[in-house]
Amino acid sequence: MNSEGAVSATLPGLELGTSFTFNELIGAIERLRETAIHIVEIPELGDEAGLCALLVERAGEDLIFHAPTESALHRQQFVLHECAHLILGHIDSEDAGAPDFLLPDIPRETRQRLLRRQNLDDPVEIEAEYLADRLAAAIRSSATHDTRFVEIFG
């Protein structure tokens, strides 16, 4: 899998340019997928399941659950990684009928697809992390632009 090629091919589809805010990114993904994205912190996720974040696709909405963290940047990276899966279409290839070992209490009719990070050496996870890093850089660039704007124009 060519991460650079796959990631570079997806970015123009977002129509965001080279710098954007986190909220602009979420809006672009919602338009691209024609679904709402809901981001929810679940304290038990990190404590009991040992997971950083989890992506669940449901009819009409994508749910991103993340573990609590004191670092805003760390939390952003959790969410951007799951956003990258959405952008790259990784969740669309998941088998909705596959048994769910992480969230067995969610009925299949409620859960359409679930993407979970089980193997960090998996090319799909590497590709998502690579895109998440590029998205984070674009968001940082946007913040820098705002700062420079304020410095110049007050």
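Buried here means under 20% relative accessible area, exposed means over 50%, and partly exposed is in between, with a 1.4 Å probe and protein chains only. By that scale C52, at 34% relative accessibility, counts as partly exposed.

Some conditions before I go on. This is a predicted model, in which local features need pLDDT of at least 70, side-chain atom pairs count only at pLDDT 80 or more, and totals for chains, interfaces and linings use all residues. Residues are numbered from 1 along each chain as its sequence is written, and side-chain values use heavy atoms, with hydrogens and water left out.

The overall layout, then. The protein chain has five helices and four strands, where helices (H or I, at least four residues) and strands (E, at least two) are DSSP runs numbered from the N terminus. Along the sequence the pattern reads α-α-β-α-β-β-α-β-α. Of the 154 residues in the protein chain, 37% are buried. Contact means heavy atoms within 4.5 Å; among contacts between residues at least 6 apart in sequence, 67% join residues at least 24 apart.

Next, a helix pair. How do α2 and α4 pack? Helix α2, residues 22–33, and helix α4, residues 72–88, pack at an angle of about 25°, with their axes 11 Å apart. The axes are lines fitted to C-alpha atoms, for helices over the stretch in contact, and angles run from 0 to 180 degrees between N-to-C directions. That makes α2 roughly parallel to α4, a label for angles under 35 degrees; over 145 is roughly antiparallel, 65 to 115 roughly perpendicular, and the rest oblique.

On the α2 side, the contact is made by F22, L25, I26, I29 and R33; on the α4 side, by Q76, V79, L80, C83, L86 and I87. One of these, C83, is buried, with a relative accessible area of 0%.

Staying with cysteines, the structure holds zero disulfides, a disulfide being a pair of cysteine sulfur atoms within 2.5 Å.

In strand β2, residues 53–58, we find V56, which is buried at 2% relative accessibility. The C-alpha atoms of V56 and E82 are separated by 9.5 Å, and the two residues are 26 apart along the chain.

Last, backbone angles. Most residues other than glycine have a negative phi. Which way does E15 go, positive or negative? E15 has a positive phi of about 55°. E15 sits in the loop between α1 (3–14) and α2, exposed at 73% relative accessibility. E34 also has a positive phi, of about 55°. E34 is in the loop between α2 and β1 (36–41), and is exposed, with a relative accessible area of 72%.
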